[in-house]
Structures are given as structure tokens and as C-alpha cells.
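Me: I am new to this structure and would like to know how the descriptions of it are reached. Could you take me through a few of them?

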Amino acid sequence: MKAILEATALGRRFPVGEGVWALKRVDLAVPRGAFVVITGPSGCGKTTLLNLLGGLDRPTRGDVVLKGLAYSRLDESGLARLRRTEIGFVFQFFNLLSDLTAEENVALPMRLAGLPPAEITSRTAALLEATGMSHRARHTPHELSGGEQQRVAVARALANDPAIVLADEPTGNLDSKNSEDIMELFRRFNREKGQTFVVVSHDPGFAEHADMVVRMRDGEVQALEEREGTGAC
Ligand SMILES: Nc1ncnc2c1ncn2[C@@H]1O[C@H](COP(=O)(O)OP(=O)(O)OP(=O)(O)O)[C@@H](O)[C@H]1O
Ligand SMILES: [Mg+2]
């Protein structure tokens, strides 16, 4: 099993009151191309773990290695570059920039990565097409439904063709039809492009198709279920 992403003895303590160990100790290896679902009760440390895996937060102890690069060896700009080029993020509250249109939101990560304008234009069109959002390209987020906003957010997350997509409750604010659409999009990109997905979700639809389900409790991994015969290798 070749891991694309590895967490070793990962812990995060927040200095509030006497200190809160949101994450006590997590060891996790995510196989390249896998669809991983993280689940567990509210407050057990799922978001904290995902933020550490994505380099959005620094651990109190332990380390994360993505494609052989240890986050502890990167300064802030190195970590920002890694996030920009290798990781796509999808959040529960969509987090689109409200002044930009759908297509401008999708194009932004490519602009920041310095892609040539012609390539940005064609990739943006392809991503909006793939997420079924071409007809709303000129709409700003408040002119879109929640489901549509999340599809644009998925297109944006995939803009720089990241090796891994991290999603925190991506269907948490969607009805069942829109949730199913987002799940299907994730599964399609996982299957067709071999992108690795790590998704925090309570949605049984995600767990059903996962290669690995990580069940967390009290800042630790309580159980790890690996499925045979799925895409992980
Ligand atoms: N910035 C912070 N400062 C202090 N404590 C925090 C901070 N972020 C999270 N915590 C605490 O760490 C614990 C884990 O929080 P986390 O957000 O990771 O949980 P979660 O599993 O994502 O929960 P939910 O399912 O409700 O989103 C909680 O007890 C929370 O109160
Ligand atoms: Mg959370």
C-alpha cells in the first residue's frame, strides 16, 4: 500500500483554559487514489484532523507527510504553495468569494498558480461543465442555490488538478438530492481521475462507497475499516 498522505502521532492542543487536546494521537496512512471517510460524534476532532492534514493548522506534536514532503520542514509560504498545488478544499459553508462570479471563483486558484490565461479559460469551462454549472457561470454566489454553490466550490477545489481533495461535511447544508449530486461528483473524480479524497461526513452515502472509514472518538481513531476490492492500492 503506497500512502499519499501520512499522519504520524498527530496531536493538537488548543491553549484555552487548562488546554484542550482536540486531537490526542492519530496515526493514519491514506493510500493513493483512495476514498476515505472520517466520521464520529460532534467534537471528537474531525475538523481539527482535517485542518492538520491540509496544512491549514500546525500540530502540537507529530507530523503530516504529503507525497513525501513533511509539513514540519516547510515554512508558511512553502505550506501555502503545497496547499495551492496539491490540495483541494471543500467546506460545509461553501466559502465562495461573494464578489466573484462562479467562473471567477473557479479560475482564482489557477490565477494564483500562474497558469496561462488561455488554459485558465478552457479549464474553467471544462470544470463548470463537469460539475453541471456551465449555465450559471456568470452568477455570483448569492444568485445560486446552496447545491449550486457547492458544485462551484467542488469545481474550484479541483481547479489545479490536486493530488488530494479534503472535504469537511460537504453535504452538511444540502438536501438529499443535492447531497447525492455532490457524492456522485466526488466518486466520479475519484474513479476517473484517480484523485484521493478524504471526506469528513456523517452521510451514510459516503461511507457506503468508501475504501476506508475512519471512526473517531475523543480525539483518537477508535476504529479503522478498510474495504477489500475497492480502488485503493
Ligand atoms: N480553536 C479552538 N480553540 C479551542 N478549542 C477548540 C478549537 N477548535 C476546536 N476546539 C475543540 O476541539 C474539539 C474538537 O473540535 P472539532 O472542531 O475538531 O470537532 P468535530 O469532530 O469537527 O465536531 P463537529 O462534528 O461538531 O464539526 C472540540 O471539543 C472543540 O471544542
Ligand atoms: Mg467539524
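Reply: Let's begin with a facing pair: V36 stands opposite M212 in strand 9. Strands here are DSSP runs of E with at least two residues, helices are runs of H or I with at least four, and both are numbered from the N terminus. This is a predicted model, where local features need pLDDT of at least 70, side-chain atom pairs count only at pLDDT 80 or more, and totals for chains, interfaces and linings use all residues. Residues are numbered from 1 along each chain as its sequence is written, and side-chain values use heavy atoms, leaving out hydrogens and water.

Me: How do you know that strand 3 pairs with strand 9?

Reply: Two strands pair if DSSP finds at least two bridges between them. Strand 3 and strand 9 (residues 212–217) run parallel and are joined by four bridges, so they meet the rule. Four bridges also join strand 3 to strand 8, again in parallel, and there V37 has V199 as its bridge partner.

Me: What makes strand 3 mostly covered?

Reply: Five of the five residues in strand 3 (residues 35–39) are buried, meaning under 20% relative accessible area with a 1.4 Å probe and protein chains only (exposed is over 50%, partly exposed in between). F35, V37 and T39 point one way, V36 and I38 the other. In a regular strand, side chains alternate between the two faces of the sheet.

Me: Why is the pair of F89 and F91 called stacked?

Reply: Rings of Phe, Tyr and Trp (its six-membered ring) pair if their centres lie within 6.5 Å; planes under 30 degrees apart are stacked, over 60 edge-to-face, and the rest tilted. F89 and F91 are 6.0 Å apart centre to centre, with 10° between the planes, so the pair counts as stacked.

Me: Are F89 and F91 buried or partly exposed?

Reply: F89 is buried, because its relative accessible area is 16%. F91 has 26%, so it counts as partly exposed.

Me: Why is the pair of F186 and F197 called tilted?

Reply: Their centres are 5.0 Å apart and their planes 35°, so the pair falls between the two angle limits and is tilted. F186 lies in helix 6 (residues 176–193) and F197 in strand 8 (residues 196–200). Both are buried.

Me: How do you know that the charged end of R61 sits over the ring of W21?

Reply: The rule asks for NZ of Lys or CZ of Arg within 6 Å of the ring centre and within 35 degrees of the ring normal. The charged end of R61 is 4.1 Å from the centre of the W21 ring.

How values were computed
Chains are lettered from A and ligands numbered from 1 in the order in which they are written.
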